[in-house]
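Open the model in your viewer and keep the selection tool at hand. We will go from stop to stop, and at each one you will hear what to select and what is there.

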Amino acid sequence: MTAPVRPVVGRFAPSPTGAMHLGNARTALLAWLHTRVHGGRHILRFEDLDTGRVRDWAYDATRRDLEWLGLDWDEETRQSQRLPLYAAALDRLDTYPCTCTRREIAAAMQDSAGAPHGEEAVYPGLCRDGCDADRPAARRWRVPDRTVCITDDLTGATLCQSLPSDVGDFVLQRNDGVFAYHLAVVVDDADMGVTDILRGADLWTATPRQVALQEALGFPRPRYRHVPLMTGFRGERLAKRDGAPPLMALRKAGEEPGRVLSELAGSLGASPFDAVPDEVTTAELLSLWQASVHFHPVKSRSQT
C-alpha cells in the first residue's frame, strides 16, 4: 500500500534582531512560493531565543515588510513562548554538563592540531568524563557513533557526516540557559508538522546534525531545500551586520514592492525567473514557479 502524502507545511523563520534585508526577503519569498504552489500551510516563526539580541520593534517591522511584498502566513509563533517543549526534548537526550570556555577549547584544538583548513572545528570532548561543578555549565549532546546522510531536494546534492569525527558533541543549551538553535528548530518543525524547509545554503552543513536529533527524538524528517545566498556587488553575503539594504527603508521611502520582488526573483539568475519584468506581483511569480516546480537555481548573481 502506498503511504499517504503529507500535506505541505512550510515556514519562514526570521530572527527579530533588526530590520529584514533583501537576502532575508528572498528566502521568505522562495519559502512562501514553495508552500503556496503546493496548496500548503505557511508558518511565520520568530526565532527569538537569544533575547539579548532581540529588538522589540523588529517583530512588527518584519510583519509589515512581508505584507508589503504580498506574502501571507497561516500561523505565527515565537520560540520564546515554547521553552517547555525544548526542555522536555533536552531531557530525552543523552547530554552532559560542559564548562569549557572558548579559550580552553581553542587551546585543546591547537594542541591536537585542530581542524583541517576550512573545516569546522570538532569539540575535543574535554568535559565528557566530568567538569568543574563550580562553573556555569552548558549541556552538550553525546552524539551517537554513526554517519548521517542527507540529500537536498532542490539541488540533488548529498552530504554525509560522521557525528563523532565531523560534528562532535554539540551544545543544546548554553551555560546561560538559552536553548541552542539546533534543538529548538528540530522541536519546532516536528511540533508544527513542518514537511518542507527552504532556507539559505549557509545552513546546509548543519542539516545532518539536525537530522540526527530528529532521529534520536523519533521525529519525522522534513524535505530540505537550500538556496544560494544573495550577495553584494563585491560577492559578500548580504547580512544585517554588514549594512545590507533594509527592506523597511525601501518600504518607507516609497519604493514599489513589485520592483523589489522583480529584483529578488531575478537575482537567482536562473529559470523560472531569468526574464521577469521590472515590476511583478507575488501572483505572477507563483504562476511562474508553478510552471517550473523542478526549479534548480544556479549561483546567485551579485546585486549592484
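## First stop: the cysteines

Select Cys149 and Cys160: a disulfide joins them, with an S to S distance of 2.0 Å (a disulfide is a pair of cysteine sulfur atoms within 2.5 Å). Cys149 lies in strand S6 (residues 147-151) and Cys160 in strand S7 (residues 158-162), so the bond ties together parts that are 11 residues apart in sequence. Helices (H or I, at least four residues) and strands (E, at least two) are DSSP runs, numbered from the N terminus. Look along the S-S bond of Cys149 and Cys160: the torsion is about 110°, so this disulfide is right-handed. The structure holds 1 disulfide.

Before you move on, a word on the model: it is predicted, local features need pLDDT of at least 70, side-chain atom pairs count only at pLDDT 80 or more, and totals for chains, interfaces and linings use all residues. Residues are numbered from 1 along each chain as its sequence is written, and side-chain values use heavy atoms, with hydrogens and water left out.

Colour by accessibility next, where buried means under 20% relative accessible area, exposed over 50%, and partly exposed in between (1.4 Å probe, protein chains only). Cys149 is partly exposed at 36%, and Cys160 is partly exposed at 41%.

## Second stop: the nonpolar cores

Zoom out for a moment: the chain has 10 helices and 10 strands, and 50% of its 304 residues count as buried.

Then select Leu30, Leu33, Leu69, Leu247, Leu264, Phe273 and Leu285. Of the 34 residues in the largest nonpolar core, these touch the most other members. Such a core is a set of buried Ala, Val, Leu, Ile, Met, Phe, Trp, Tyr and Cys residues joined through side-chain atoms within 4.5 Å. Helix H1 (22-37), strand S2 (41-46), helix H2 (56-69), helix H9 (257-266) and helix H10 (282-291) are the elements that give two or more residues to this core. Which of them gives the most? That is H1, with 9 residues.

Centre on Phe273. Leaving aside neighbours within four places in sequence, Phe273 is in contact (heavy atoms within 4.5 Å) with Leu30, Leu33, Ala265, Gly266, Leu268, Leu285, Leu288 and Trp289. For a second, separate core, of 32 residues, select Leu172, Val178, Ile197 and Trp204, which are among its members.

## Last stop: H2

Finish on H2 and select its buried residues: Ala58, Tyr59, Ala61, Thr62, Arg63, Asp65, Leu66, Trp68 and Leu69. Just after H2, click on Gly70, which takes a positive phi of about 95°.
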